[in-house]
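Work through the exercises below with the structure open. Try each task before you read its solution.

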2 protein chains.
Amino acid sequence: MYTLDQVRCFLAVAEELHFGRAAERLNMTQPPLSRQVQKLERAVGVPLLERDNRHVELTTAGTVFLEEARRLLTAADAAPALARKIAAGRAGVLRLGFTAASGFSLLGTLVQEITDFMPDVDLDLQELVTIEQIEAIRRGELDLALGRPPFDQESFDSRLLLSEDLVLAVPPGHALTRLDRPVTAADLRDQPVVGHHPTKARYFYDMVVRYIAVEHGNVVHVVSQILTMCSLVAAGRGVAFVPESARLLGLPGVTFVELDVPHGVVELHAIWDRSSKNPALHEFLRYLHPSS
Amino acid sequence: MYTLDQVRCFLAVAEELHFGRAAERLNMTQPPLSRQVQKLERAVGVPLLERDNRHVELTTAGTVFLEEARRLLTAADAAPALARKIAAGRAGVLRLGFTAASGFSLLGTLVQEITDFMPDVDLDLQELVTIEQIEAIRRGELDLALGRPPFDQESFDSRLLLSEDLVLAVPPGHALTRLDRPVTAADLRDQPVVGHHPTKARYFYDMVVRYIAVEHGNVVHVVSQILTMCSLVAAGRGVAFVPESARLLGLPGVTFVELDVPHGVVELHAIWDRSSKNPALHEFLRYLHPSS
DNA sequence: TTGCTTGATACTCGGAATGCATCAGTTCCC
DNA sequence: GGGAACTGATGCATTCCGAGTATCAAGCAA
């Protein structure tokens, strides 16, 4: 079995792609570093790095192991911190994930409310896209997510926090800003579109497919974050479908026009594992559902 | 910093609530176990166990650390297993490009076969024309392409997957449907033709130039996708040369007549970079060439 | 060719973990 | 009340592992 030190060694080498520099970063010399990585590879059972007597590069297995290694080390660092916080008499820790987009809208007020209502609870905030949040909850690395459907209704409970409109982000002075009616699919026939990633931003992708049949050939970029979309719009690369709260970004070079879609279609939910035993989470849920 | 062994020691003690039995379970003697747990507690910074000279019990911090510890060890066990699976090609990602036309014919069965043969491999599908696929492979953004010649035989390996006939798409009731012999170039002298794009659909363009000398002036549209061609035929804009599998589209307003060209001239190849290191690709190739 | 770079290996040394023996505190029972 | 039994901690000798130094081997450049 391998040790965390070996994982740390591997991480440094994988990031530097150079044993000498990695050793320097770890405050050790190169030979023991080589041996530690060799040991790790023997423990894992497959080569993680390909050494070329001149260059070092990750194998495919090494690439995915690197991801796991990062998570492992993060968890290894977080565990004692968590234990210390508990021991220090704090009421607990609430690990809250949020999407970049929800950060603009209600994250601020929500954090304020939580700290008011549960002043002794430490809040750990992490920005992740929805699926990553769901995965993190499933792995027990997160207590509460601010995300969008779909998610497994079996294992997760949720509550709708916010409904907002889907609007079209366009550069200022764009022809569509001069329309005095909501933009329809027909208006977009010849518009380059900055599209959503079909899996990472599945919620928006599905919504756009459903309400606005965008010509496949019009999609000029595929991205997963609202902020990136707006930047691309500002750069004149096309128009984009974004939640109304993107206005709060205050980005120059972007303005927003109404779309011919139902109001309030963009939903933001609080999502949690119904089997979680974190007392801080339950305390928060009591605040969220004052009834129950 | 602590080690995974220390965590394993703590886990055993926390579960047994007895140093002696925990030591037995870990195949070690009791004194070093005590010291390992002490070390872990020093690393974490707070007591995790309360020893009572008669009983052992978890502190509050110990309880939450126990949970984290379990997760940590699970992740530490899972990571190498995952890496081994990746290296064996039994898991991972296979990025598969396909032309719209190949989508109608064998993409479905191929995808089915891949998911049967390599159930843990994620398939990323992307529709691109052949040259874009080749470029994507060259840039390392795609592992496998379903495309048509020509492509650089130096850097790419390939395998013929399908040969089919070139047929003529015409509107139903068209004069050429009443011929009782294959259509020849002469029959097309006065027909408006929906033509292929000379670079984006070079394979079909070259093939048509080679087998049927179409009058230049007859070409009323130049498009690069079979589906677009068929739609234009259905709209009565002309006739078009398409692979027989376009029948599978089931488009109303289009029927197909035989052409006086050799059978099986439309080829579809699986194409890949012979220097690719993706184990999932190699696993798939083993499936494709059971011989080698 | 020579010299430089880079990762692997040989060897020695110091620190850490192990196991044995033992201690110290508690509980139980006669 | 006192000794036996039990439990976790500690002292000590041994062993083992990992670190550092020196060096090697392979590839590349001039």
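**Exercise 1. The chain interface**

How many residue pairs are in polar contact across the interface of chain B and chain A? Then describe that interface.

Solution. Keep in mind that this is a predicted model.

Step 1. Count the polar contacts. The rule finds seven residue pairs across the interface of chain B and chain A, both residues at pLDDT 80 or more.

Step 2. Find where chain B supplies its side. α1, α3 (30-44) and α4 of chain B each give at least two residues to the side that touches chain A. The largest share comes from α4(B), with 17 residues.

Step 3. Count the residues in contact. On chain B there are 27, and they meet 30 residues of chain A.

Step 4. Take the area. About 2,500 Å² is buried between chain B and chain A. Carbon and sulfur atoms give 72% of that area.

Step 5. Look for salt bridges. Two are found across the interface of chain B and chain A. Separately, check the side chains of E57(A) and K277(B): they form a salt bridge, at 3.8 Å from N to O. The cut-off is 4 Å, so a distance of 3.8 Å passes.

**Exercise 2. Two domains of chain A**

Describe how domain 2 of chain A meets domain 3 of chain A.

Solution. 

Step 1. The domain assignment of chain A gives domain 1 (4-80), domain 2 (90-162 + 267-288) and domain 3 (166-262).

Step 2. The C-alpha centres of domain 2 and domain 3 of chain A are 28 Å apart.

Step 3. Count contacts. Eleven residues of domain 2 of chain A touch twelve residues of domain 3 of chain A.

Step 4. Take the area. On the domain 2 side, F104(A), V129(A) and R148(A) lose the most area to domain 3. Together they make up 48% of what that side buries.

Step 5. Check the polar side. The rule finds zero salt bridges between domain 2 and domain 3 of chain A. One residue pair is in polar contact there, both at pLDDT 80 or more. Helix α5 (residues 100-104) of chain A supplies the largest share of the domain 2 side that touches domain 3, three residues.

**Exercise 3. Aromatic pairs**

How many aromatic pairs does the structure hold over all chains? Classify two of them.

Solution. 

Step 1. Count. There are ten aromatic pairs over all chains.

Step 2. Classify F117(A) with Y287(A). The ring centres are 4.6 Å apart and the planes stand at 35°, so this pair is tilted. F117(A) is in helix α6 (residues 107-117) of chain A and Y287(A) in helix α10 (residues 279-288), so the pair links parts of the chain 170 residues apart.

Step 3. Check accessibility. F117(A) has 37% relative accessibility and counts as partly exposed. Y287(A), at 25%, is also partly exposed.

Step 4. Classify Y2(B) with F65(B). The centres are 6.3 Å apart and the planes are at 75°, which makes the pair edge-to-face. Y2(B) is in the segment before α1 (4-16) of chain B, F65(B) is in helix α4 (residues 60-87), and 63 residues separate them.

Step 5. Buried or exposed? Y2(B) is buried at 2% relative accessibility. F65(B) is buried too, at 1%.

Step 6. Look at chain A again. Ring pairs join Y2(A), F10(A) and F65(A) into a cluster.

Conventions. Residues numbered from 1 in each chain as written. Chains lettered and ligands numbered in written order. Predicted model: local features only at pLDDT ≥ 70, side-chain atom pairs only at ≥ 80, totals over all residues. Heavy atoms only, no water. Phe/Tyr/Trp six-rings, centres within 6.5 Å; stacked < 30°, edge-to-face > 60°. Helix = DSSP H or I, 4+ residues; strand = E, 2+ residues; numbered from the N terminus. Buried < 20%, exposed > 50% of the residue type's maximum accessible area, 1.4 Å probe, protein only. Domains from an automatic or database assignment. Contact = heavy atoms within 4.5 Å. Buried area = accessible area lost by both parts, 1.4 Å probe. Polar contact = N/O pair within 3.5 Å; in protein donor to acceptor, adjacent residues only side chain to side chain.
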